[in-house]
Structures are given as structure tokens and as C-alpha cells.
Amino acid sequence: MAWVSSKYAFRSVGRNLRRTALSVLGIGIGCTLALVTESINRGRDELFARMGAYSGAGHLRVVPGGWRLRRDPRLRLADGKRDLEAARSLPGVAAVTVRARAQVLLAMGTHVVPLEMVGVDPENEPRTYRFVQNLEEGRYLAPGESGAAVVGRAVAERLRAELDDDILATAVGKDGDIEAALFRIVGIVATGSEDLDASICQVTLDDLEALTGLPSVAEVAVILEDWQASESTRALLAPRVAPGDEVLTWGEIAPEFQGHMEQDKAASRFIGFLIIVIVLLGVASAQLAAVLERRREFAVLSALGMQAGHMVRLVLQEGLTLGFFGGALGFALGAPLVWHLASAGLDFREYMGSSYSFQGVVLEPILYGDFGIWMIPYVLLIAVGATLAASLYPAWFAARTDPAVALRVAQ
Amino acid sequence: MVAGSTLRIAWRNLWRNRRRTSLAVAAIGLSVALVLAYYSLLRAYADWVLATLTGPMLGHVQVHAPEWRKDRAMDRTIEDVASILDALRRDPEVASATVRVYAPALAALGEEGFAVIVMGVDWEAESRPGRLLAGAPTPRSRGRVLMGRALAEMMGVREGDEIALVGQGADGSLANDLVQVQGLIETPVDFVNRQGIVLEIGEAQTLFAMPDEAHEVVVHARDPDAVELLASKLAGLPNLAGTEVLDWQTLAPEMVSLIEIIEVAGVFALVLIFVAASAGVANTMLMATFERTHEFGMLLALGAAPGCIVRMILAESVALGLTGAALGGTLGLLFVAVTHETGLDFAALTGGGPTELSFAGLSWSMRFYPSLAAGDVGRTILAVLVTSLIASIWPAFRAARLEPARALRD
Amino acid sequence: MARARLLRAVALSASISLFSGTVESFQKPPDVEAILTHLDDLYRSKSSTSRMEIRVVSRRTTRTLRLKAWSRGEEEVLVVIEEPAREAGTATLRVGDNLWNYLPRIARTIRVPPAMMLGSWMGTDFTNDDLVKESSLHKDFVSRVERRSEDPEGWWLTLEVKPEVVGRWAKIEFLVSDDWLPIEERHFDRKGRLARTMRFDEVKTLGGRRLPARLVLTPTDVEGQSTELRYLEIDFDVPIADDTFSLSRLEQTR
């Protein structure tokens, strides 16, 4: 009788078009919502990873062994060139840059600012450290330039210096002696955070090397195209770097971001769960209502000899059909929405206080939803799963119908 | 009159089919309950994020000598801190007030000196839950310090070791002493872990020649939402004349945007959930109404006016919606009532998020304290009502236009 | 650069050579190069011992230290605090690029990490590159006579830094007396702003040389702040025991 029940299921679904349409619509909307929510959740993960990576951490970073604990700017990679080559040869790389750091004292007259100066590769640095993209005054370093520096606004203020002023930088050289060099301020950066501004000072890598006497490459920062490939790419890179050097992921470099992200992941999962439950409720009540109305129908079937098991299967099959079409509808409605989310993104700036004019630099609060192949199985799972789960009670209920009682009772 | 009787009929109609109505009420009620639960958790989360960001280091309001934040010069101190603390603690809106000293210094286990920041704090105040040293083994005797774990590792220091501290007093004199490391700490604040040596405030004041002075006063407010007002109010206190009194948003604007993002994201999710719930309610209503076409046909055949049918359907929807909302509202409020005091363990709730949040080394137990505002409940109930009404308009008018014969046949 | 030399004498080294040169009291503009060379060498010698007083005036307080210092060549200096009693016996030893502090109260010797050597010295207005840099008025600046000064009597010189020189000061205005002793030195930063002023007075004969015993350094931007250095005694070119500049000796300097 199996095929009979499925044929019946199919046809009964077609018979009451309005009811079917409503159910499918209900399931469809629910699936759309679940889809959008999941896309946003994934997008939020990406936003955090982006925040962390682009504030200098990079998705991956090759650092000298021991740097993770000591964070001593004087540590240098065992073989910077080799590490750089290895990083460049990785698949899925969006940008690679090198850096070195040194503890310096900047001075103008009697005003001094101690900070960690960073020697960078001007061509690639803006792609990995987004803060320097927003220059308040002047310009960024030009490749091959010498004697130029880009500083944060608070640095300039504390030094009482302005654009085109010369500032003195003193550092401890390779052999422990004090070295000094003059730099002209070519650009001033304002991030909106005074602490951050007071710590920004970038010069070209060669200039830093000349100042400290230490070889230039102290770290290699990598930005990947797909942030989720961080772990796997790390596994690829680790064996290729020079012995003694380590490869860290952004989570290890900036653990506070990772912490937030983990926490947010859990929160997002919870929200997704809530939505699914609500969808389920809606579907269940609709299904149940439908079954209840069709008691007579089931009574007749039962009287005609259909067994309980078959009736259960019948209801479940109806449910599955509804679920499938509902899922398809949900996908059809949701996919364009998610596509829009993924390309244009949700720009939170409009909803945030406008008094912080530079906040867009500190974190670019645009959430890009995730659009991918995962959407199809996700929708299907929810649609079918929800309807099946929702149809269990009605199925059982239908099977239990006592034909005599049901036929007797007036609608 | 008409309305009254319509409602009564509507009510009786509803309960004539007990099972269907119960189901609908249950579905709506649960949806409402879930929305309210989410709302309450959203508030709890926002509170939690705020506490995380402001609890340990920032506080709600900070006081400094003018210009101190720029160069952190040792001699830019706040004077008469004892009386300042007194005055602050007497203010009813101040939950707690404490002071800190920040002194750059050299620390050495052997001969090698390391650049550190010696922080003078009030042990008791800073080891309260949610504060900087929460859970840390605070020393009970003199000459004992806590050291950031990362710093200790860098210096090769273990618990019980004696280290030398050398710095400059606020009067420029040489400050030096030997102290014993009571314990190693990991706090939510990175610079404390990497450079911090924490000393009792009185001892720090003596060591650095700043009697009754401090670099920072940290105030926690009773009402975290009214911080700006508190800051301006405190700025007007005579004891604080000549100092800089700022609320945390001004001190750390980057934190503000972080919170705003979280809030906006939360509201967004709320909207989604709302829509889901509304869709569910609508679906339920639609189904329920369409299933009763036969019944309406009968009524029409018996001579009921179409307008009457419409009114009745609408009234039933309202009654259904209200009942569901009432049920949901009760459940939601119950949820909040039960969890508000004791809090909710986040991990248990989400089935496997982090039980403790690793944030720059510290373990934070994720306990949330849900709360609801009257507005939240009101908004939800209103939404349900509106949705129920709208969802029943179409079937209502359709029913009214039925040909009784056809309807009876359905 | 008399200032730099002076400070090296105080903290790190004092190479002082005796100058008993002629004194020009004419009104005709002097030989600038000769003056600069004289100033550069004013406090130099192969070795020296000295006692001096440093007074730091800040907005908050005034602090006076009395120190005894030994120096040899450019690389070795030992400074011990004699007063105030609270800090007596505290010693600083510099040998080459290493700097140690000895603290008698806790009986510990601590090496100052290189990064911390960059800031201000001992809370005074002197910076470490004042103390450490090998700079010379004569070599690093292009100089000329600006004008005559009548009260006090002397010559104003203008020194402009040579383009390839790395240093804080773009310009120095120098007032020298007719007997080629420094009276006032004004330092202008790289933006041409007056950053600080040094005044020299209390000309005495110390260690056989005639030189200003007192120097007051006043930064322009900070109100109420100044650092005063006064030599009480100096002995130039005296023999100094080899083990003076050693860690073990450091701990016995009480």
C-alpha cells in the first residue's frame, strides 16, 4: 500500500490548494528567516575576524620563536626571506607584508614620546593594517622613500609637531649603543582612539633597519581571502618556514578578538535555534489544525481499511511534500536577500551614534552576510526537519482516529 | 453592547473546538514566550558586555589630574584623595569608589632590570567580582605584590621570589624597595599582565612619596545607564575642583562603538525573531479560519449577516491573539523572574558555547541576568494583536462573501 | 658644544682639557671657529673627579642632590649621591653602553635596560642624548657672529645645524663673554621654536681652569621647571684607580 499512500498524499496536498499554499508559505517564510539569520551569523564571525586581522594582526603571522611569550621587538626571524617566500607561495593569499619594530623615543625639542616604531613595506602595508588608510593629513609612505614617517595624531600633538616637521628618533642599536635618525612627518593618522593614535609611527623597513642595525624582517603578516582557512593554511605554512620561526593565527595574536568571537558564535547559535523553534511552532500548529479538520477524511480512510502505520506514513509524506516545497520557496525568497546581504552588506554606521566621526576607521561596521553552497542543505534540513517534527503528533493523532467516533461527530 | 456580545460569542466559538483553539493558543503563547525570553537575554547580554568592558579597569567614571592622561607624569597627582573618596562614597548614585597609583619603574629579580608599571590599588575594592583582581590571591601582609603572569614569565619570576623595585617618586626622589611576589595573576587587562606589578595603595603612596595622593579615582555607578549625568554631577563637587572627571564613553570611545555594534546586531536579530513569530501567528490564524469555512457557510445559511461574520472572526482572532499573548507573556515573565537573581549559565543555555570566556587570559564565567522592561512586553503583545488582526482580515472578508451552498459543501 | 660636554662630565664622562688661552677684549668680532673649539674643550680631560650639586625645580617641589663623580675617557663614569641622606650611597656606573644602578637601601645592583636609557636623566631636564651623543659645536654647526652685546659684554653667535647632522637642535644662539666663556645658550628645535635656555654663571677657577661653575637649564614650554647644576670641586687629569669603574666597587661606594 506504500505507493497508494504516497499517491494519496500527493493528491490530497493538491486538493486543498489554499491550505497547502498557506502551509507552504508558512514554512517558506520560516525558512527564509532562518536562512537570513544564519547568513548574518556567519557574517558576524567574519566581521570579527576581519576586525582582528585588519587591525594589524593579519590572519596569519610568521614570528620569531619565543615572540609569543616575550613580544620583544628586538627579536628577529631566523630567515625572513625564506619565510616571506613561503608565505607568498601559499594558496588563497590576499596580501602579504613584512614588518619590523623597535622601541624608540621620538623627540621634538624637549617634548618626547616613547613608542614602538614599525618599519613597513609601504606598498603592502595599507592592505593589511587598515588604520593607516585613513589619513587625516598628508599622505602615506611611498615605496622606496627614506626619512619619512607617518604618525598618529596624538603623537604629533604631544610632540607639538605638524605635517612636514622633522622629528628625532632615538633607539638602542644592535650593539647597545644609542642611534638616532631624523624623520619628516609626511602623514598624520587619526583613528578616533587616542591611545591608538599615540602608538602609531610607521617608517619604511629600510629606515628602521638603518636605525637599529638589526636585519629588517621581524614578522611576516598574511591576509587570506577566506579567513576561515586560517587554521588549514597555517598547517600548510608552518613546515615551510625557517626552523625556529612560528606561525600564529590572528586568534593567538589578538586573543581578545577571538574571545569575543567565540562568545558571539554561541550567542548566534542560540538565536538561530530560537528562530528554528519558532518556525517549528508555526508549522506544527498549522499542520495540526489541518489534520484536525480532516478527521472525517481519516475516519473514512480508516474505515476503508487503511492501517494505522499507513496513515502515519501518509501524514508524514504529506508533511515531507509540504516541507520540500516550503523549503524551495524559502530558498527562492531567501537567496536574493542573502545575496544582497553578501554583496552590499549591512552598514551599521547609520544606526550608530554619529558623534564619533572616525569610528569607521577603527572598525568598519559593515556586516557581509555569507552566501554559499551551504545554503541549500541548510534550508532543506530546516524545512524538512521542521515539518517532519511538526507532523509527528498529527500523524499519530490521525492514526488513532476511531472511525466510528469521527464519523459521528459533526464538524 | 454589540461589541460585548460579539466578544462573548467569539469566546464561546473559540472554545467550542477546544483542541484547535488550544493548539493555536499554545503556538502563539510559546512564540511570544520565546520572543520575550530572547528580549530578556538581549538585555542581559548588553548588561554583561557593559560590565565586562567597564568592570575591571575602566569603571564608569574616572578622575585624573588635568593632563595626566597625556604623559602619565608621576607628579601629576590628585591630592587629598581620602576626603575625595569620602565625598564620593556619600553620593547615593555612587556604588563604589577607589583610587590607583601608576608608577613606571624598573623591576629586577637578579641583576637584569625590566621596565614595569607598578600599580597601587585597594585590594578589597579591586578584588570584588567583576573587578580587576577578581579571584586573585590578594596579599594580607606588607611588602607583597601580585605580578602579571606574562611579565613574570619574561623575568623568570616565580611565586615567593623577592624582587627589587626602582622608580621615581612624585617629588622626583629615588624610590626603591624589595618586595615579595605573593602571586601571579591574569587579568582581563593586557597591559597589567604584561607589565604590571600590583601593590597595596598605601604602600605605593609611601614608596613613591605621594601621601594621600593618587593618579586615578575610579567610580562605579549604581545605574550604569546614567553615567554621563553622574560624571557631570561629580565634576561639580568641591573636592574634585581642578580635576578632570570623565565618563567611560569619553575615555574609551572605541569601546562605545563595540557596544553599539553588539546592540544593533542584537536588535536586528530581534526583528528577525519578531517576524518569525508574527509569521507563525499569522499562519496559525489563517489556517484556523480557513478550516472553518463550512461552519461559516452554515451560519450564513442560517441568516447571519456577512458583516456579523466578519466581526465575529475578527473578534475571535483578537481573543485568540490576546489569550496566546497572555499565556506567552506569563511564561516569559516567569522565565525572567526565575533567572533574574541567580543568573543563567550561558553555556548550558546554548548547549556548548564556551563555559568560560577566555579574554586576554582571564576566565570569565558567562552568567547572564535576564531582565525585561515593561515596554518590551507591551511591544510584543501589541505586535501579536496586530498580526492576529491583519492575518484574519482576508479570511474574514472571504468568509463573508461566501455562497452558503458552496461553503457548506467544502 | 659646552652643554653636552658639561653633562657628560656629570653623568657619564668628562674629558676635560685645560685651556689657558688668551682673552680677547676688543670690540672686533672674534674668530668664531676658535671660540667654538674652545667651548667644545672647556670641560674636557682624560680623567677627572668632581663634586657637584644638582637642583631640580619643578611645579611641585624642589629637589637638591649632591654628587661625587669620577670619569675616565668617554666611556667610563661613576656617580655617587652624597646628599640627601635618604639617597646617599646610591650610585650609577656607566661602562661603554651598559648602565647600572646600585641602591644601598636594598643592597641591590640593577642593570638599566637599553630602552630605558632613552628618556630624561634622573628626573632632570637633561635628556640622555644630551649625555651620550658625540656632538660638537665646532663640527656640527655652521656658525657666524650675529651681533655685539653690551650688557653683559660679549658676542651673540648664531649656529645653524649642518644638513647631514642628526640632532634635536636646528639652531643655537650663543652668547659668549669677551673671555670666551659661555653666558647663555638658546636651543631652537627643528621647527625653529625656542625649546630651552641654558645660563652659565659663577665663573670660578676650578681644577686650575677658569669656567662657569653654575649652569641653569630652563625648558620653555614647562612652567616652573628648571634644572641647576653647580660644580663644587673639579680635579682634571688625575689618576684614577682601575677598579673604580667596576660593579664590585659600585657596591662599596658608601
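Predicted model: local features only at pLDDT ≥ 70, side-chain atom pairs only at ≥ 80, totals over all residues.
Let's start with confidence. Chain B has a mean pLDDT of 82, with 90% of its residues at 70 or more.

Now for the place where chains B and C meet. Chain B puts 18 residues into the contact and chain C puts in 21 residues. On the chain B side, these strands each bring at least two residues:

| Strand of chain B | Residues |
|---|---|
| Strand 3 | 94-108 |
| Strand 4 | 113-121 |
| Strand 6 | 162-168 |
| Strand 7 | 174-185 |

Strand 7 of chain B gives the most to this side, with 4 residues.

Over in chain A, strand 10 (residues 245-249) is worth a look. With 4 of its 5 residues buried, strand 10 of chain A is largely enclosed by the rest of the structure. Its partner is strand 1 of chain A (residues 60-64), and the two pair in the antiparallel sense over 5 bridges. Within that pairing, A:Val63 sits opposite A:Glu246 of strand 10.

Back to chain B for the domains. The domain assignment gives domain 1 as 2-54 + 257-409, and domain 2 as 66-242. How far apart are the C-alpha centres of domain 1 and domain 2 of chain B? They lie 51 Å apart.

Key: Residues numbered from 1 in each chain as written. Chains lettered and ligands numbered in written order. pLDDT = per-residue confidence, 0-100. Contact = placed C-beta atoms within 7 Å. Buried ≥ 20, exposed ≤ 12 C-beta atoms within 10 Å, placed from the backbone. Pairing = 2+ DSSP bridges. Domains from an automatic or database assignment.
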